[in-house]
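Me: I would like to go through this model with you, one element at a time. Could we settle a term before we start?

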Amino acid sequence: MADGLRREGMAVDLAFDGADALTHAAVNDYDVIVLDRDLPVVHGDDVCRTLVSRAAPSRVLMLTAASTIKDRVEGLGLGADDYLPKPFDFSELVARIRALARRPTAQVPPTLTHGDLLLDPARRVATRGERRLALTPKEFAVLEYLLAADGRAVSAEELLARVWDEAANPFSSTVKTTIGRLRAKLGDPPVIETVREGGYRI
């Protein structure tokens with residue numbers, strides 16, 4: 001599942017039990033947490049309750065093998081934002097994660113723009129002028145993050161944490177390489193500025 005979500009351009013961290021999940025959630029601001037209800041060590045229900053009690057900003061999508069209406073009502077009653085019974089279609093999982101990620105606590109415009117550059121996260125489309133940009137999932141995610149930063153300088157470390165995941169090598173040139181490819185696809189005049197010792201900004 002993690003491999004499939006990464007292919008969709010998402011940064012994914014994995015936790016294999018409830019205690020590990022709570023540790024991850026305490027140190028990372030995840031947009032969405034996909035939470036299996038039947039976790040060992042700390043049950044998924046208790047993980048959900050703890051996240052709600054912490055007022056965690058993450059949206060919770062609960063997965064479970066139980067598919068009755070009663071089970072779904074219980075799951076949502078714990079504070080989960082959405083509920084998906086197993087077995088599920090992977091494309092539906094992706095769609096639900098993206099829908100939850102578009103429900104931020106702060107109001108964000110449905111499209112992100114800068115000059116003639118327009119990015120539509122819902123439709124996964126980026127254009128510059130009349131030209132549609134053929135971006136890889138990672139290039140799209142980097143551009144989306146930089147546009148959402150609204151002129152703030154974003155460090156390579158922040159991009160690595162938010163666009164990639166904990167499996168990424170922090171000493172690699174992945175961010176620099178992706179920025180280089182993105183600049184080439186965006187064309188002239190340049191829109192991504194390198195900030196000395198600060199990272200990148202639009």
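This is a predicted model: local features need pLDDT of at least 70, side-chain atom pairs count only at pLDDT 80 or more; totals for chains, interfaces and linings use all residues.

Me: Good. With that cut-off, how many residues of strand β2 are buried?

Reply: Six of the six, over residues 59-64, so β2 is largely enclosed by the rest of the structure.

Me: Which residues lie on each side of β2?

Reply: Arg59, Leu61 and Leu63 are on one side, with Val60, Met62 and Thr64 on the other; both faces are covered. In a regular strand the side chains alternate between the two faces of the sheet.

Me: And what pairs with β2? Start with β1, please: parallel or antiparallel?

Reply: Parallel, through five bridges between β2 and β1, the latter being residues 32-36. Within that pairing, Val32 stands opposite Arg59 of β2.

Me: What about β3?

Reply: Strand β3, residues 82-85, is joined to β2 by four bridges, also in the parallel sense. Pro85 in β3 is the bridge partner of Thr64.

Me: Changing topic: in what order do the strands of the antiparallel sheet come?

Reply: The order is β4-β5-β6-β7, four strands in an open sheet. β4 (112-114) and β7 (131-132) are at the edges; each has a single partner strand, so one side of each lacks a neighbour in the sheet.

Me: How many bridges hold β7 to β6?

Reply: Two bridges join β7 to β6, residues 125-128, and the two strands run antiparallel. Arg128 is placed opposite Arg131 of β7.

Me: Which helix packs on that sheet?

Reply: Helix α6, residues 137-148, which touches β4, β5 (117-120) and β6. The direction of α6 makes about 110° with that of β5.

Me: What length does α6 reach?

Reply: Its twelve residues reach 16 Å from the first C-alpha to the last, close to the 16 Å expected at 1.5 Å a residue.

Me: Which α6 residues are buried, and what do they pack against?

Reply: The buried residues are Lys138, Glu139, Phe140, Ala141, Val142, Leu143, Leu146 and Leu147. Besides β4, β5 and β6, the buried residues of α6 pack against α7 (156-163), α8 (174-186) and β9 (199-201).

Me: Last one: what is the phi of Asp150 like, positive or negative?

Reply: Positive, near 55°; Asp150 follows α6.

Key
Residues are numbered from 1 along each chain as its sequence is written. Side-chain values use heavy atoms; hydrogens and water are left out. Two strands pair if DSSP finds at least two bridges between them. Contact means heavy atoms within 4.5 Å. Axes are lines fitted to C-alpha atoms, for helices over the stretch in contact, and angles run from 0 to 180 degrees between N-to-C directions. The expected span of a helix is 1.5 Å times one less than its number of residues. Buried means under 20% relative accessible area, exposed over 50%, partly exposed in between (1.4 Å probe, protein chains only).
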